[in-house]
Every structure is written in C-alpha cells, then in structure tokens.
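Biologist: I would like to learn how to read strands in a model. Can we take it step by step?

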Amino acid sequence: IRAGGSNTREPVAAIQVKKAGYLHAFARSRGHVLLWETALRAQPLGFLFTHRSYAANFRWDAAGGSAIHAISLADGSVRRWEAPPMMCFHAVQACEDGDGLVLDLCDYPDATIFDDLSLGALRSGARQRSAARLTRYRLRPGHADAQTEQIGAGFELPQVHPARPEAGAARWAWGAGYDAEDRHHFLDRTVKIDLANGDRFEWQRPDAVQLEPLFVPRPGASEEDDGVLLVPTLADSDETTQLAVVDARRMECLATVQAPQVVPFGFHAAFQPR
C-alpha cells in the first residue's frame with residue numbers, strides 16, 4: 001500500500017503458501033483485506049521453462065483444498081480459514097460481522113470454467129459445464145474452517161452500492177447471469193439478488209448477451225437500491241453495443257443508448273458523475 005498518500009510502498013503482511021492459487025481479485029471490508037486461495041495451483045517451472053500459455057501453467061488440486069486469508073489493516077496480522085476446493089474470480093462483498101467476517105463470492109466447484117470461456121466453446125453454443133455459485137463464507141474467530149452457505153447460482157460480475165463496505169453490509173447485489181439449470185445461453189440476463197434471503201429478480205433483452213451491469217445511485221438517494229444499472233448488451237443483429245438504462249429497484253428498462261462501437265466482453269467500467 002502507499003504510506004501517507006506518498007509514492008512510497010510499504011509491505012503490510014506476507015502470506016506463505018506451498019503452491020500459489022490462481023488469484024484474479026481481492027475484497028476489502030472496513031478493517032480487512034481478504035484473499036482467497038483457489039485450488040487451481042500455479043506450476044512455477046512451467047512459466048520458466050515451457051512455451052505454454054499462461055492458463056496452461058495451472059493445475060487443479062482438489063486434494064489441496066482452498067483457503068481464505070484475512071489481513072488486518074490495523075496491524076497487518078493474518079488469519080486463515082480452510083475452505084472446500086473452489087475456483088473464484090470475483091467477490092460480491094466483504095464485511096465485518098462482530099469479531100468475525102463475512103465474504104460473499106461468485107465461486108465454482110472446479111476449474112472447468114476456463115474451458116467454458118474459451119472462444120471455441122462460446123462460439124459453438126455448447127452448454128456451459130460449470131455454473132457460478134453465490135456462496136457466503138462465514139469466518140469465525142477460533143474456527144479453522146470457513147462456514148459456507150449457498151445463496152444463489154448463475155450469477156457473475158457482481159456489483160453492490162459503491163458506499164459499501166464503509167456503510168456496512170450490502171443487502172442488494174446486481175450482476176450478469178444465466179439460467180443455472182439450462183446453461184446454454186451465456187450471460188443472457190441482468191440479475192438482482194437479495195443477499196439476506198437469496199430472492200432473485202431479472203431483466204432480459206431478448207436474444208442478447210448482457211454484460212456486467214454498472215450500478216449508479218441516484219443523487220440524494222437514501223435507499224440502497226435507488227438508482228439505475230448501465231448494462232451493455234449485444235445481439236447478433238446489432239452493429240454496435242446497445243446500453244440499457246435499467247431501474248435498479250424494479251428491474252425495468254427505462255431507456256437505451258446506442259454506442260458508437262462494440263464494447264468488448266469483459267471490460268469493467270466506472271461511472272464518473274458530471
């Protein structure tokens with residue numbers, strides 16, 4: 001991190017692992033940074049001595065399990081919890097829960113999602129083999145293992161209100177989704193999930209891919225879901241990306257904007273108020 005706003009970087013903590021797990025992102029609560037150690041393990045010699053692609057230098061190691069590490073921003077101390085083997089790109093949120101922590105992840109039971117996301121598989125329209133799960137990990141002090149609870153499925157590229165985690169745990173999350181049972185249509189809907197009970201609400205543009213929604217709160221709003229979602233969509237007949245403006249509370253499309261170009265899949269976005 002940067003110390004005192006300067007350009008000097010100071011180490012906060014170090015985590016020792018036998019084999020590094022694939023890491024795409026991390027999460028932050030008010031007082032902690034949380035890292036998840038996936039069961040997709042790096043093969044260091046492959047990076048040095050082969051010409052394989054980056055992804056080909058990882059191996060699935062279910063026997064090694066997974067782990068979650070919490071780094072205290074106050075003193076740099078590290079706590080660790082064991083977890084079942086999983087693969088994960090994105091966190092929905094991390095928040096303090098008394099003396100413990102809660103971490104909500106969009107995770108997968110194995111690493112087949114990498115094959116599912118290959119261009120060949122996507123272009124063929126094949127059924128996606130691995131479905132994203134929305135899993136809650138409860139990290140209790142004095143416990144060696146994380147307690148897990150599944151609260152959703154078919155949900156990725158999550159968003160919560162930008163005031164979180166400073167304002168406390170989020171109740172609502174939005175993301176790109178699909179039918180977790182069917183899985184023939186890749187990210188074909190925008191999903192809102194109640195993180196308290198798993199209730200699910202959707203908006204769909206027919207026959208279109210719907211990418212990561214960007215939540216924009218209404219200026220002066222007091223309710224967490226009072227705002228709009230900006231959703232890039234693309235159908236086979238489109239010449240350029242169509243941006244949908246969706247009411248984040250009612251999940252109804254309010255307006256559409258035609259972009260001047262196709263927005264590539266997977267580009268994360270940010271909103272800057274005028």
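The dialogue below turns to strands, their pairing and contacts.

Modeller: First, the ground rules. This is a predicted model, where local features need pLDDT of at least 70, side-chain atom pairs count only at pLDDT 80 or more, and totals for chains, interfaces and linings use all residues. Residues are numbered from 1 along each chain as its sequence is written, and side-chain values use heavy atoms, with hydrogens and water left out.

Biologist: How many residues of strand β18 are buried?

Modeller: Terms first. Strands (E, at least two residues) are DSSP runs, numbered from the N terminus. Buried means under 20% relative accessible area, with a 1.4 Å probe and protein chains only. β18 spans residues 242-247, and five of its six residues are buried.

Biologist: Which strands pair with β18?

Modeller: Two strands pair if DSSP finds at least two bridges between them. Strand β17 (residues 227-235) runs antiparallel to β18, with six bridges. There, Leu 230 faces Val 245 of β18. Strand β19 (residues 252-258) is also antiparallel to β18, again over six bridges. Asp 247 has Glu 252 in β19 as its bridge partner.

Biologist: What joins these strands?

Modeller: Hairpins. Six residues link β17 to β18. Four residues lie between β18 and β19, and Met 251 in that hairpin has a positive phi near 55°.

Biologist: Which residues does Ala 91 contact beyond its sequence neighbours?

Modeller: Contact means heavy atoms within 4.5 Å. Ala 91 belongs to strand β7 (residues 87-97). Leaving aside neighbours within four places in sequence, its contacts include Ala 27, Trp 36 and Pro 158. Ala 27 is 64 residues from Ala 91 in sequence, yet their C-alpha atoms are 6.2 Å apart.

Technical notes
Buried means under 20% relative accessible area, exposed over 50%, partly exposed in between (1.4 Å probe, protein chains only).
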